[in-house]
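I am keeping notes on this chain as I look things up. Entries follow the order in which I asked.

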Amino acid sequence: MTADLIEREQDNRPTTRACASAAPSASIPASIRLTPLHRWQREHWILASVFAAVTVLASLCTPRFADAHLGNGTEVMQHLVLDLPAQPSATLSPGFFDTPEWTTVRIESGQTLGQIFDSQGISARLLHQLLDLPGAREPLTRVRPGAEFGFARNAAGEFVAFRFERDETALVQIDIDGESLRQRVEPRDLQRRVVMTSGVIRSSLSQAASDAGMSAAGVLEMAKVFGYDIDFAQDLREGDRFSVVYEDIYRDGERLRSGEIVAATFVNQGRTYDVFRYRFADGRTEYFDGEGRPMKKSFLRMPIEYARISSRFSSARRHPVLGRVRAHRGVDYAAGTGTPIMAAGDGKVTYAGWQNGYGRVVIVDHGQGYTTLYGHMSRFGKYKTGARVRQGDTIGYVGMTGLASGPHLHYEFRVAGVHRDPLTVTLPKPQPLPASELARFQNQTQPMLARLQTLDATQRGLAVR
Ligand SMILES: [Zn+2]
């Protein structure tokens, strides 16, 4: 099976580019040109999305689940939508949008803020004033194509108000009265719907997930929560199956995107993996397996996302550049130049520099005799020799410096100074939750496990057909 089993989340969001030839915006400094929306907004939101969905789902999903209808001969079936208790959706305060004559402008790719405002006959000076309002600059300069701005004029044709969506949860309106600018924020509530679905892999994971009604982002979430146990680029087989309980995020009745996975089962090559999102008493969430062991392991399976293994660990192979037979004491991952390379585990950078053969190389010491090495980088991340890194931190980017016939990451794993095959080395199991927490964990996850098992049982019948 190859890497096409999973398609990387396409960063489809078109980015607005600053265009030097854009004459009308010539007076607008580059710092306020539109720049791509950064990921922090989504992650920021996810961090904030803490809800007791588990218990709610357990009480809600039974009746409709029992009614779930199996289509004849279809691989994928249930896609149940379970409404969480209604949260009042945002109601706009009276008068919020009733300023006369609103014009809505949709942002197009390549447009600058300056161009948009200029096209509305608004001066660069006023734009600067808007941007200087607290909290306005960041969202306005990161706005993406497809977003909409509202411009309001009074009967005399004067520009009196401007509005924009600051983020998923807030609308902002700025009222302009001569020299005085007043900013109003209207919060918008998000709703979470818990969805259950399942599928069997026939051709690819992305196909099965799409048949099951999951978005590409949902598939990525799944790859993330199971990523320590299942290598989605290498390990998937036809007949593998999954059952997932996840959140869909809605606003004003409209689906925005998929949210976090609440619980899931993945059967890979006959082995069953369960994952549960567990909410600690302080509201923090983490993913655990059915026994209460963290899904997050001391080391990532691969220090790079969805790359293809181009050369394995071996005691003798013909070197592609030198032509000589010699040991290959690591694993090579072929990936495009510039692909981020992650620290496989928490640790300390003991070396970030140039070494013959390895080119630009980083070595991380993880303590207890474990070290990892990352070679042929095109450039380093922000961590220098001596810096502490966390698992997943970007320590460099794929390249072909040193002895390399093409862009790839050369990855080595050493235990007590001895090279080990990173793909097969056995690592100590992480500690499960303490007994006191475990009882709470089981209470929280038991009902979910029962649902997953029922979903999976029906799916298993399909998988073995
Ligand atoms: Zn190599």
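Which order do the strands of the open sheet of 3 strands have? I read β16-β22-β20, with antiparallel pairing. The model is a predicted one, and I keep that in mind throughout.

Entry: I looked up the edges next. They are β16 (340-342) and β20 (379-380), each of which pairs on one side only. Between β16 and β22 (residues 394-397) I find 3 bridges, and the two strands run antiparallel. In this pairing I341 has G396 of β22 as its bridge partner.

Entry: I then followed β18 (residues 359-367) to its partners. Strand β17 (residues 347-355) is joined to β18 by 7 bridges, antiparallel. I note Y351 with its bridge partner I363 in β18. The hairpin of β17 and β18 has 3 residues between the strands, and G357 there takes a positive phi near 85 degrees.

β18 also pairs with β19 (residues 370-377), again in the antiparallel sense, over 6 bridges. Here G367 has Y370 of β19 as its bridge partner. In the hairpin of β18 and β19 I count 2 residues between the strands, with Q368 at a positive phi near 50 degrees.

**Entry: helix α7.** Is α7 mostly covered or mostly uncovered? I find 8 of the 11 residues of this helix (residues 216-226) buried, so by the cut-off each of these has 20 or more other C-beta atoms within 10 Å of its own. The buried residues are G218, V219, L220, E221, M222, A223, V225 and F226. I checked what covers them: the list includes α6 (205-211), β8 (241-251), β9 (254-268), β10 (271-279) and β11 (285-288).

Entry: As background, nonpolar side chains tend to be buried together in soluble globular proteins.

**Entry: whole chain.** How many helices and strands does the chain have? I get 8 helices and 24 strands. Of the 465 residues, 33% count as buried. Among contacts between residues at least 6 apart in sequence, 66% join residues at least 24 apart.

Methods:
Residues numbered from 1 in each chain as written. Predicted model: local features only at pLDDT ≥ 70, side-chain atom pairs only at ≥ 80, totals over all residues. Buried ≥ 20, exposed ≤ 12 C-beta atoms within 10 Å, placed from the backbone. Helix = DSSP H or I, 4+ residues; strand = E, 2+ residues; numbered from the N terminus. Contact = placed C-beta atoms within 7 Å. Pairing = 2+ DSSP bridges.
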